[in-house]
Amino acid sequence: MVVLSLAWHSLKNRKLTTWLTVISIALSVALLLGVENVRTGARESFSNTISGTDLIVGARGGSLQLLLYAVFRMGSATNNITYASYQHFAEHPAVAWTIPYSLGDSHRGFRVVGTTNDFYQHYKFRRDRKIEFAAGKMPEGIFDVVLGSDVVDALKYKVGDKIVIAHGISTKTIQDHADKPFTVVGILKRTATPVDRSVYISLYGIEAVHIDWSDGGPPMIGEEVPADKIKKDELKIKQITAFLLRTKSRIDTLRLQREVSTFEDEPLQAIIPGVALAELWRTIGFAEDALQVVTLFVLIVGMLGMLVSLYTSLNERRREMAILRAIGAGPMKIISLLVLESGLLAIAGSVLGVAIIYGLSFVAQPLIEQQFGLYLPVQPPTSTGYIYLGAVVISGILIGFVPAVKAYRNALLDGLSVRL
Amino acid sequence: MADAVSLVDLKFEYRKGRPVLDIPSMRVAAGERVFLFGPSGSGKTTLLGLMAGVLRTTVGQVQILGQDLVKMSPSQRDAFRGSHVGYIFQLFNLIPYLTVEENITLSCRLSPERRKRLGGKSLEAAARDVAARLGIDGLLKESVTALSVGQQQRVAAARALIGTPELVVADEPTSSLDHDHRERFIELLFEATKAAGSTLIFVSHDRTLQPLFDRAIALPEINRASKLEAAA
């Protein structure tokens, strides 16, 4: 107890160095926990990019490719699937709902997704969050369009604006569907997922803009079909690109996956989003390891800072140690004094570090979500976080032994006279 | 009653072949006030370190209060010093981040044995009593950095004397005081050691203080090592 009070008073006496040391440890701890937070947050955000979907079905090909174009709106499908196949599974008794996607067009760099209103009703992300409208409503007409929030942020559209959809997914496309403009009827709330980066029209809309196209080329002059002549019930949807599927009972997922891949009418594949996302994360996960290594080095530097500050203070404290020796403090007391000091510094640094990271993530959470689409939950440290904190305190105590042993040897050497 | 200090064939060297102390015999009776003098570098502080059990030798006997420090383990010597010996340095006796009272009571707080010697008195009361005897009871709550050198030395004396240790060792405690303060400090120290019944070994190179003491010991005269060195 005496030694603890001595350590406390001694640290208080050296306010500036104590604070600097505590702050340097706190910053490394905050960085360590922050990176850990971002790491888990990124993984969490990533694996929750899509939820509530049991299978993603598309034309047979690479499973990664299917995941990329169906979920992340990246790359493109090699093949479409027939609407008949889609209908077969949409009406399957084990299926609760499906969301069809028809891809291939774009608007000023943003992918156009042809879908049905099932998308607005059933699509889920981050466990149980649903698509919500920031303005407007679900599309009803053929030429109605709903915009993701990134699209609105970038292009400043509002409900009622007219937009034109381009053929193909390149930003430099020269072919567009200028004769059939769409009207913005709805704007989605931010989801911080790839949903924000897309433009949504109905499957009929996709069919309508291509109605007068043939052999992959635009209509000849005089063969264009004017937009106002197109009726919904005259349009026949022939194909889609992929669809999301939810089973009534999740036990059926694997059976259904097999059924899809052995479907006789055309070659299909079904992937389980969680499994595919985890696979993808593993391939890009080396970045997080690198990040962690860097953070560990920052922590080591912080701890070395403490070692340096304790060690350099020893010379001016030789007198203090001689006094303590003279009044009966044995080597154990001298050592425990310095070890306690470094332990206190490490604990104070850890506590402050946790406070910093919590304060910061509380303040910055909405900003980070908005800027980077990264949702960082403010939650108690993960088990890894606790391990880090424990490691900081323990290494603080261990580091304390270095100056402690030096102080003890000084004291032995000095005896009762101090050579300054 | 055993001698307070009894040294027999004490030898000590910091480095091999360079003996600092070689004392065939030296005794200090209990309750005596001894003036130990010698020029700088004659091994005074080293001798005090040995008597306090901070330094250790393996040759000879260092009997303090009838117990041989040479035979004790380091931790036993630390405990022994903490409970039976009061030590006053030449300068900078105090821990800068503690108050006067905390400095005085520190020895009792570090050593449970020393604490018992207060005889049930509270730390605060004991500190007040010993401070009153040394005329510094008005300063108890002050920070030690605010004190004059003379006041600091009195605080050091109070810390050495609290819990009435049998042996008080003072290493040139007056060398940084002016003449008037020097005499006054020694008077107070005498009064306080007398009240505590402690033996006092007072080291100085200032021979003008010698008449105040019961007895004087010239270290060069009892130390064969210094003669050897002089001969060489």
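1. The largest cavity is lined by L33(A), E36(A), N37(A), I357(A), Y358(A), Q379(A), P380(A), P381(A), T382(A) and G385(A). A cavity here is a set of points, on a 1 Å grid over the protein atoms alone, where a 1.4 Å probe fits but cannot get out, and lining residues have an atom within 4 Å of a point. Two elements of chain A, helix 2 (15–47) and helix 12 (331–372), each give two or more residues to this lining. Helices are DSSP runs (H or I, at least four residues) numbered from the N terminus. Helix 2 of chain A contributes the most, with three residues.

2. This is a predicted model, in which local features need pLDDT of at least 70 and side-chain atom pairs count only at pLDDT 80 or more, while totals for chains, interfaces and linings use all residues; side-chain values use heavy atoms, with hydrogens and water left out. Residues are numbered from 1 along each chain as its sequence is written, and chains are lettered from A in the order in which they are written.

3. How much space lies in the largest cavity? The volume is about 80 Å³, taken as the space filled by probe spheres set on the grid points, which are joined across faces, edges and corners. By class, its lining has five nonpolar, four polar and one charged residues. Ala, Val, Leu, Ile, Met, Phe, Trp, Tyr, Cys and Pro count as nonpolar, Asp, Glu, Lys and Arg as charged, and the others, Gly among them, as polar.

4. The whole structure holds seven cavities of 30 Å³ or more.

5. The contact between the chains (heavy atoms within 4.5 Å) takes 24 residues from chain A and 25 residues from chain B. Together chain A and chain B bury about 2,300 Å², 67% of it on carbon and sulfur atoms. Buried area is the accessible area (1.4 Å probe) that two parts lose on being put together, summed over both.

6. Which residues form a salt bridge, and how far apart are the closest N and O atoms? R325(A) pairs with D78(B), at 3.1 Å. The rule (a side-chain nitrogen of Lys or Arg within 4 Å of a carboxyl oxygen of Asp or Glu) finds one salt bridge across this interface. On the side of chain A that touches chain B, helix 11 (318–326) is one of the elements supplying at least two residues. Helix 11 of chain A gives the most, with seven residues.

How values were computed: 1 Å grid on protein atoms, 1.4 Å probe; cavity = no way out; pocket = protein on both sides within 12 Å on 5 of 7 lines; lining within 4 Å.
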